[in-house]
Amino acid sequence: MAFISSGYNPANPMEGRNSDIGPRPYDNFFPPVIKNNFGKWLYHEILEPGVLMHVAESGDKVYTVRCGAARTVSTVYIRECCEIADKYCGGHLRFTTRNNVEFMVTDEETLKALKADLSSRKYDKGSYKFPIGGTGAGVTNIVHTQGWVHCHTPATDASGPVKAVMDEVFSDFQNMRLPAPVRISLACCLNMCGAVHCSDIGIVGIHRKPPMIDHEWVDQLCEIPLAVAACPVAAVRPSKEDFNGQKVNSIAIKSERCMYCGNCYTMCPALPISDGQGGDGVVIMVGGKVSNRISMPKFSKVVVHYIPNETPRWPTLTKTIKHIIDVYAQHARKYERLGEWAERIGWEKFFELCDLEFTHHLIDDFRDPAYYTWRQSTQFKFTDAALHAYEGAAAHAAAAHAAVTEDDKKKVIDFLESKSGSKTKFYFNNFLELFEGASPRKVKDVLSALIADEKLMYWSSGSTTMYGLKGSGKKEED
């Protein structure tokens with residue numbers, strides 16, 4: 001009756017109703033240039049660290065400036081972001097999954113003014129509010145969990161060590177001197193609500209002692225069956241304990257089984273696991289990645305089994321990570337991720353070069369056969385049946401190449417040969433200028449046809465593609 005008296009119409013539940021329940025459609029938040037070219041982007045380039053240019057089939061361009069930010073920010077900071085977006089970007093901005101803020105503009109003059117404004121904004125002590133960087137072959141912004149600020153089970157802080165590490169590697173956030181991107185992540189306990197297990201460098205907080213048991217409060221604060229069921233290794237069981245001369249319902253923990261995850265503490269506040277006596281700390285993991293490029297995705301491996309929490313600046317942790325990155329930069333091949341470099345030279349050589357001690361704590365005893373049998377990649381070999389199914393794609397490519405004339409090919413070859421004395425590789429937009437008035441798709445078909453004829457080669461960093469004559473350039477000589 002309450003619904004009827006308030007004017008609710010079961011046949012049309014939304015009649016006369018204003019509601020903000022649920023998210024609005026995501027395209028409501030697109031800048032106009034993104035909305036107009038949605039799904040029609042041709043290519044993108046990294047113009048400099050932290051600055052990207054995307055080019056659409058229509059010829060529209062959007063310049064993105066990426067700024068590193070903290071995971072936990074104040075409303076004052078968010079208002080400042082909005083002020084910048086209103087001033088330069090028509091009120092639009094973007095937050096990325098790695099805690100970056102991105103501002104998008106459509107012309108180079110605005111881009112120049114935006115960069116100058118962002119670089120001029122600093123805190124009282126001189127550090128940047130909006131540091132530009134985190135793209136390409138450099139250190140990306142660190143993604144992390146909640147730490148001591150909010151969570152109840154952390155073995156280390158999140159914001160503290162992340163700030164200390166980023167201060168140490170900040171120069172690599174603002175340049176692209178490394179062989180490939182280096183993604184650093186932090187999880188403040190083994191429950192790992194941050195994606196640390198597939199990062200180039202992962203920092204994981206670890207407890208080293210079982211939870212303490214407050215027998216006085218267990219039965220008053222906890223659902224004991226839930227605490228027992230929460231343990232992944234069956235180390236927790238119900239128990240009767242003596243307290244002040246009385247038998248009370250409580251919990252017993254089999255210490256030799258406990259893996260110090262803190263799941264039982266999540267279910268029972270009378271089982272605190274955080275150790276204020278110096279036992280908690282972090283491990284460093286290395287070699288993970290999600291990308292399919294060059295090799296399959298990889299899980300990280302533990303390379304430093306324990307570093308104590310050295311608040312407030314974590315000097316041992318920061319020094320170790322900085323050294324690993326510097327050695328990687330010195331020895332790895334171009335485009336080679338950290339884990340790929342370690343596997344190529346051998347993990348023994350990795351430990352030697354990085355001055356890391358190998359101990360029995362680092363031996364991987366993970367026994368789940370899924371680690372070896374699950375398909376973890378989209379990389380696979382086509383069978384004859386699959387190739388037959390893709391004959392339609394081959395026909396489409398052949399039709400595209402048929403529209404390319406020999407004059408088109410000659411124009412590209414003549415251009416490259418005329419520049420061979422000074423430059424051997426060129427961006428896609430260099431060829432757009434060569435074919436004045438032609439569509440980007442037409443130019444791409446010409447280049448693809450020359451690659452199929454084995455007259456051209458291309459090089460790709462995953463974010464930028466360059467073209468050149470086959471046999472020219474240092475890469476071919478190597």
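Tutor: Start with Leu118. Leu118 touches Val65, Cys67, Ile84, Phe103, Phe130 and Ile132, leaving out residues up to four places away in sequence. Contact here means heavy atoms within 4.5 Å.

Student: What kind of model is this?

Tutor: This is a predicted model, where local features need pLDDT of at least 70, side-chain atom pairs count only at pLDDT 80 or more, and totals for chains, interfaces and linings use all residues. Residues are numbered from 1 along each chain as its sequence is written, and side-chain values use heavy atoms, without hydrogens and water.

Student: Which residues touch the most other members of the largest nonpolar core?

Tutor: Phe103, Leu118, Val412 and Phe431, out of 40 residues. A nonpolar core is a set of buried Ala, Val, Leu, Ile, Met, Phe, Trp, Tyr and Cys residues joined through side-chain atoms within 4.5 Å. Buried means under 20% relative accessible area, exposed over 50%, partly exposed in between (1.4 Å probe, protein chains only). A second, separate core has 39 residues, including Val162 and Ile307.

Student: Switching to helices. How do α3 and α4 cross?

Tutor: The axes of α3 (residues 75-88) and α4 (residues 108-120) come within 11 Å and cross at roughly 160°. Axes are lines fitted to C-alpha atoms, for helices over the stretch in contact, with angles from 0 to 180 degrees between N-to-C directions. Helices (H or I, at least four residues) and strands (E, at least two) are DSSP runs, numbered from the N terminus.

Student: Parallel or antiparallel?

Tutor: Roughly antiparallel, therefore. The cut-offs: under 35 degrees is roughly parallel, over 145 roughly antiparallel, 65 to 115 roughly perpendicular, the rest oblique.

Student: Which residues make that contact?

Tutor: Ile84, Lys87 and Tyr88 of α3, with Thr110, Ala113, Leu114, Asp117 and Leu118 of α4.

Student: And α5, what is buried there?

Tutor: In α5 (residues 159-168), Gly160, Pro161, Val162, Ala164, Val165 and Met166 are buried. Those buried residues pack against elements including β8 (201-206) and α10 (315-331).

Student: Backbone now. Where is the cis peptide bond?

Tutor: Between Thr311 and Pro312, with omega about 5°. Pro312 sits in the loop between β12 (301-308) and α10.

Student: Asn99 has a positive phi. Buried or exposed?

Tutor: Buried, at 15% relative accessibility. Its phi is about 65°. Asn99 is in the loop between β4 (94-95) and β5 (100-105).

Student: What about Asn244?

Tutor: Asn244 is exposed, at 69% relative accessible area. Asn244 also has a positive phi, about 55°. The loop between β9 (236-243) and β10 (246-253) holds Asn244.
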